[in-house]
Every structure is written in structure tokens, then in C-alpha cells.
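Reader: I am new to reading structures. Could we go through one together?

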Amino acid sequence: DQNDDLVFYQFGKYLTKMEGQPIIDQHVIRAFAVYKCSENFLVEKLQKLETLNKNHKPQINDYINWLRSNELTDEIKSQKEYSYHIDKLLFATGKTIKFRKNRT
């Protein structure tokens, strides 16, 4: 169900190899949302994001639209599977900025 299992639903779209269908997960959306966030007080809430649900559809759509936007240069978009490489970068960033209670 696209409302309950957003990560798997979107992964299925990615597997179709249709252009503009990236892999998404909590880490990618966390990093992207923090990047786009204009309110500092919301960053901490985003850092605590654990799972994606239907309430995160707007952020997912914003991410998909951003990947197609002019914010990314034509040079980047001309690279084969550029969204996959952006996903890897955002995944690592999102995992790093995730709030953890006992960070050492």
C-alpha cells in the first residue's frame, strides 16, 4: 500500500528504471528535509525522524521534484543514474545527523 509502505512502494518504482524515481528512506528524506528547512527549531524534530509514513508524502514529492529541478546543474543530471549517487550521499548524511540518545 503506497500509504503504509512508502519506502518499499518507492523502491518498486525505482526498480522499474523509470526516470525520476529515486530510492527513498528515512535517512534520505531526513537529510533532504534538513537541507530545505528554513526553521532551525524544526531541525531537531527532523533529526528524530524514525520512519516514513503517509504524512511524509509531501517531503518525498519535494525530493523527487528537486531531483528534476534546475537547482541541480545539467552537468549533474547528465551523469548516468545521478539520482542514485545523490541518494547515497543523502543516505550517509541523513544517517550521520540522526539524533541518538547516547552518542559517544
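Reader: Which residues of H2 and H6 meet?

Author: First, the ground rules. This is a predicted model, where local features need pLDDT of at least 70, side-chain atom pairs count only at pLDDT 80 or more, and totals for chains, interfaces and linings use all residues. Residues are numbered from 1 along each chain as its sequence is written, and side-chain values use heavy atoms, with hydrogens and water left out. Contact means heavy atoms within 4.5 Å, and on that basis Asp 87, Leu 90, Phe 91, Thr 93, Gly 94, Lys 95 and Ile 97 in H6 meet His 27, Val 28, Arg 30, Ala 31, Phe 32 and Val 34 in H2.

Reader: How many residues of the contact of H2 with H6 are nonpolar, polar and charged?

Author: Start with the classes. Ala, Val, Leu, Ile, Met, Phe, Trp, Tyr, Cys and Pro count as nonpolar; Asp, Glu, Lys and Arg count as charged; the others, Gly among them, are polar. The contact of H2 with H6 then divides into 7 nonpolar, 3 polar and 3 charged residues.

Reader: How are H2 and H6 oriented to each other?

Author: Helices (H or I, at least four residues) and strands (E, at least two) are DSSP runs, numbered from the N terminus. Axes are lines fitted to C-alpha atoms, for helices over the stretch in contact, and angles run from 0 to 180 degrees between N-to-C directions. The axes of H2 and H6 (residues 82-97) come within 7 Å and cross at roughly 85 degrees. Angles under 35 degrees count as roughly parallel, over 145 as roughly antiparallel, 65 to 115 as roughly perpendicular and the rest as oblique, so H2 and H6 are roughly perpendicular.

Reader: And how are H2 and H3 oriented to each other?

Author: H2 spans residues 26-36 and H3 spans residues 40-47. Their axes come within 10 Å and cross at roughly 175 degrees. The contact is made by Arg 30, Ala 33 and Val 34 of H2 with Val 43, Leu 46 and Gln 47 of H3. At that angle, H2 and H3 are therefore roughly antiparallel.

Reader: Which residue meets Lys 36 in a salt bridge?

Author: A salt bridge is a side-chain nitrogen of Lys or Arg within 4 Å of a carboxyl oxygen of Asp or Glu. The count comes to 3 salt bridges. In one of them, at 2.8 Å from N to O, the partner of Lys 36 is Glu 71.

Reader: How many residues apart in sequence are Glu 71 and Lys 36?

Author: Lys 36 lies in helix H2. Glu 71 sits in the loop between helix H4 (57-68) and helix H5 (74-77). The pair therefore ties together parts that are 35 residues apart.

Reader: Lys 98 and Glu 50 meet in a salt bridge too. Is Lys 98 buried or exposed?

Author: Their N to O distance is 3.4 Å. Buried means under 20% relative accessible area, exposed over 50%, partly exposed in between (1.4 Å probe, protein chains only). Glu 50, at 44%, counts as partly exposed. Lys 98 has 15%, so Lys 98 is buried.

Reader: Are the rings of Tyr 63 and Trp 66 stacked or edge-to-face?

Author: Rings of Phe, Tyr and Trp (its six-membered ring) pair if their centres lie within 6.5 Å; planes under 30 degrees apart count as stacked, over 60 as edge-to-face and the rest as tilted. Tyr 63 and Trp 66 both lie in helix H4, 3 residues apart. Their centres are 6.2 Å apart and their planes at 25 degrees, so the pair is stacked.

Reader: Which residues form one aromatic cluster?

Author: The count comes to 6 aromatic pairs. Tyr 63 and Trp 66 are both buried. The cluster is formed by Phe 32, Tyr 35, Tyr 63 and Trp 66.
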